[in-house]
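Please open the model in the viewer and keep the sequence panel at hand.

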Amino acid sequence: MKKYDLEFIKQVAKYYHSTVDADHPNGNISKVMEKFSISRTKAIKLLITSGAIDTELHHDIMKLLDEGYTLEQIAEKLNVSVTTVKTHMPYQKVIYNSEQKSIGAEAVERFRAREKTFMNMVIRNSDLQETGDHLLEKSSTEVMMKQLLPDLNFPMFEDIAHLKPVFTEKEGEKFKIHPDIALLHIELDEEVKKEYRRLCGIRYGKSFSRDILVPYILPLHNLHYAINQAFGFNNSHEHEYALLYKDLQWVTENSVDQWKKLIGLVFRNPFRDKSLDHWDDDYKGGSPKKWMRSKYTGPSYRFLHQESYRYIVEALRQYTIQAAEMNELMDEVDNPFEVNETLPVYNIFQVENGMDLMIEEFNEDLQESMEEAKKYADNDPASQPDVTGFVKQLLYTYDTDWKFTITVKADAEYLLHTARVNERELKEAIAKVCTYVRPVMISGDGDQLMDDCGGIEGYIRMIREMEKGNEEVLSRIRELGWKRKRNKNNL
């Protein structure tokens, strides 16, 4: 293997970082190839060697190498060619001072440190992993599509901004079912001071935000993982969804009795065994990003058994609630207004434009759905009554430091108008959602956030210290696997 001078590798990495632009948030490999007259394969390999590129495939390869697999075995296991494996491995023979470790060894150490950090951070309940399938109802995407979107025939439109299918008739033949799509704008509530916005990578607004296309059928539980991935969190803290106060008043009619009726439908069961909330926190090693991605691209669950409406109706019989007024509930019940995470996007957000939903219409639809649900067995997802979506915004809190507002958008014109996304990118993103029934991020304002930094003020302090070259901060950031940028369409 050819030897490369360490200074040359650093020079390549430095130039790669200097090529960052709107279309290449991490750097432009093509410009690196042109600048140094090297092939794409060599450019990737040099950038991986320097640590400038840190792909999931590279992590998987290094982990398998560390476990003793041969290149051929790794290629077979990861379903790639041996050449691809070699491309995503760092150069081993680099000219160093005698005390320096090889870059390959450092890459393995970085991966091990990150894996260990994530393993220690992720919320876990080891006992829950052995409780068995009777606790939850898990449905594959295919099954959910059949349950929720049977035999849909959809027309072809060219109205890109309003998120209609944008395929020709021939292209449309590829999509057996078209999952309706919602565009969610997720923005950190706390405004970043103007003098720090450039430091934080904020170009368009006043705080960190992400714009994500999601299929209507995605449950809020799975959306949580997509939000974590989009903002750079590691699912290492508690989270919750909540209604805006005006929506809480509207749906409960400011009545404790009405709130009781909506437990298991709109609201989570406040008397549940909360240790079971982490039934799928099953990280056992490997790429943290790939594990997170599996939570919103793999099977989506309809409900945990203890959160099913029928179970809750029976469970609530053993509790007596004394509160007569809504403002008294907080003193008697722990977090009574947490939103039910089994709800798919279309069952909480009012995604269609039009007249505001009347409470009488909401209650009438819910009653009809409850009657229909009675026809199905307890273990059938259809036994869970549907709720008509009624909010335009939803509050999402991660840990205690990060509070976001999720807004459902009627169209993508605000992104097209500001050139944050173009029509080609939007069309490709819609096609990806339709094809794979998974979220796709189409725009982001602000760099990636991180866990355990003390909220936005602590984050800014860490970034400033990082730019000063503070080794302690740099070490912590490497452990977290933090990267400043995230590519659009990559979630």
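Select Glu325 first: in this predicted model, the residue is partly exposed, with a relative accessible area of 45%. That value lies between the 20% and 50% cut-offs, which is why Glu325 counts neither as buried nor as exposed. Its place is in the loop between helix H15 (309–315) and helix H16 (326–332).

Next, select Thr252, which belongs to helix H12 (residues 245–252). Is Thr252 buried or exposed? Thr252 has a relative accessible area of 0% and is therefore buried, the cut-off for that class being under 20%.

Which residues does Thr252 touch, when those up to four places away in sequence are not counted? Display Gln258, Trp259, Phe267 and Met326: each of them is in contact with Thr252. Then draw a distance between the C-alpha atoms of Thr252 and Leu262; these two residues are ten apart along the chain, and the separation is 7.9 Å.

Finally, select the entire protein and colour by secondary structure. The protein comprises 21 helices and ten strands. Of its 491 residues, 51% are buried. Among contacts with a separation of 6 or more, 76% are between residues 24 or more positions apart. With the surface displayed, the protein exposes about 24,200 Å², and carbon and sulfur atoms supply 47% of that area.

Methods:
Residues are numbered from 1 along each chain as its sequence is written. This is a predicted model: local features need pLDDT of at least 70, side-chain atom pairs count only at pLDDT 80 or more; totals for chains, interfaces and linings use all residues. Side-chain values use heavy atoms; hydrogens and water are left out. Helices (H or I, at least four residues) and strands (E, at least two) are DSSP runs, numbered from the N terminus. Buried means under 20% relative accessible area, exposed over 50%, partly exposed in between (1.4 Å probe, protein chains only). Contact means heavy atoms within 4.5 Å. Accessible areas come from the Shrake-Rupley method with a 1.4 Å probe; for residues, only the protein chains shown count as cover.
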